[in-house]
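Student: Could you take me through this model, feature by feature, and show me how each one is read?

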Amino acid sequence: MRETEHLQRPDLQPDERLDDLQLSGYHIIQNPKRFCFGVDAVMLTDFAKVKPGERALDLGTGTGVIPILLSAKTKGQHFTGLEIQPESADMACRSVAYNHLEDKVEIVTGDIKKVSELFGTSSFDVITTNPPYMLNQHGLTNATDARTIARHEILCTLDDILRESSKVLKEDKGRFYMIHRPFRLTEIMTMMHQYKIEPKRIQFVHPYIHKEPTMVLIEGLKGGKSHVTVEPPIVMYK
């Protein structure tokens with residue numbers, strides 16, 4: 001990723017930079033002092049499928065990297081990113097405008113716990129999410145820090161995400177895509193089943209072929225039957 005000379009960009013705030021996504025000429029505004037997206041977000045956009053005419057919602061979108069990448073990688077009709085932190089949502093909105101994606105991508109500032117109130121039930125074909133991985137605030141010194149919020153379940157939990165996703169996904173065909181940590185896989189699959197989002201496809205991500213997986217990609221189908229396919233693993237480094 002190349003960093004663009006941000007002094008030439010009058011719409012950037014202090015500490016912000018404009019990064020080249022190296023796809024379709026798109027760029028994204030980020031602030032390294034808050035939080036920058038990682039390889040997990042990119043992997044999720046490779047794993048998720050948004051078909052022509054479909055509408056997708058990204059929960060906890062941060063600076064909007066997932067809906068922006070999906071707008072380039074898929075033929076989906078429209079992409080919405082929901083973000084509770086106003087500063088991150090503002091950067092996402094400005095990135096959407098910079099890339100001239102206003103007709104395809106919308107950023108909404110709001111709470112994941114109120115998704116169904118914001119958008120209504122059965123309103124999306126696809127949901128994507130790269131949620132906080134860590135369970136609680138144990139040992140944290142600043143629970144309001146943007147990086148902490150992105151990594152720990154402070155403003156939303158896995159239960160919040162799956163409960164609301166089940167409400168806004170369309171019946172019998174709505175698809176749910178998430179990247180998470182393998183140590184929570186049993187909890188994730190149990191909770192998906194509880195909210196009638198049946199796990200259908202799983203793919204583990206290993207740093208090296210001889211190392212344990214550090215991430216897991218999961219696809220679920222609203223109202224689907226019980227049948228899971230485990231895809232060949234992704235190995236990041238040789």
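Student: In which loop is Q22 found?

Tutor: Q22 is found in the loop between β2 (17–20) and β3 (27–30), where helices (H or I, at least four residues) and strands (E, at least two) are DSSP runs numbered from the N terminus. Although Q22 is not a glycine, it has a positive phi of about 55°. K196, in the loop between α7 and β9 (197–206), is likewise not a glycine and has a positive phi of about 60°.

Student: What should I know about the model before reading further?

Tutor: This is a predicted model, in which local features need pLDDT of at least 70 and side-chain atom pairs count only at pLDDT 80 or more, while totals for chains, interfaces and linings use all residues. Residues are numbered from 1 along each chain as its sequence is written, and side-chain values use heavy atoms, with hydrogens and water left out.

Student: What is the average pLDDT of the protein chain, and over which residues does pLDDT stay under 50?

Tutor: pLDDT is the predictor's confidence in each residue, from 0 to 100, and where it is low, the predicted coordinates should not be read in detail. The protein chain averages 89, with 86% of the residues scoring at least 70. pLDDT stays under 50 over residues 138–143, for which the model has 8 contacts (heavy atoms within 4.5 Å) beyond four places in sequence, and also over residues 146–150, for which the model has 19 such contacts.

Student: How do α6 and α7 pack?

Tutor: Two packed helices are described by the angle between their axes and the distance between the axes. Here the axes are lines fitted to C-alpha atoms over the stretch in contact, and angles run from 0 to 180 degrees between N-to-C directions. Helix α6 (residues 158–168) and helix α7 (residues 185–194) pack at an angle of about 30°, with their axes 10 Å apart; α6 and α7 are therefore roughly parallel to each other, a term for angles under 35 degrees.

Student: Which residues of α6 and α7 meet?

Tutor: L158, D159 and L162 in α6 meet E187, I188, M191 and M192 in α7.

Student: Where is R163, and with which residues is it in contact?

Tutor: R163 lies in helix α6 and, leaving aside its neighbours within four places in sequence, is in contact with K113 and Y195. The C-alpha atoms of R163 and Q194, which are 31 residues apart along the chain, are separated by 9.0 Å.

How values were computed
Parallel < 35°, antiparallel > 145°, perpendicular 65-115°, else oblique.
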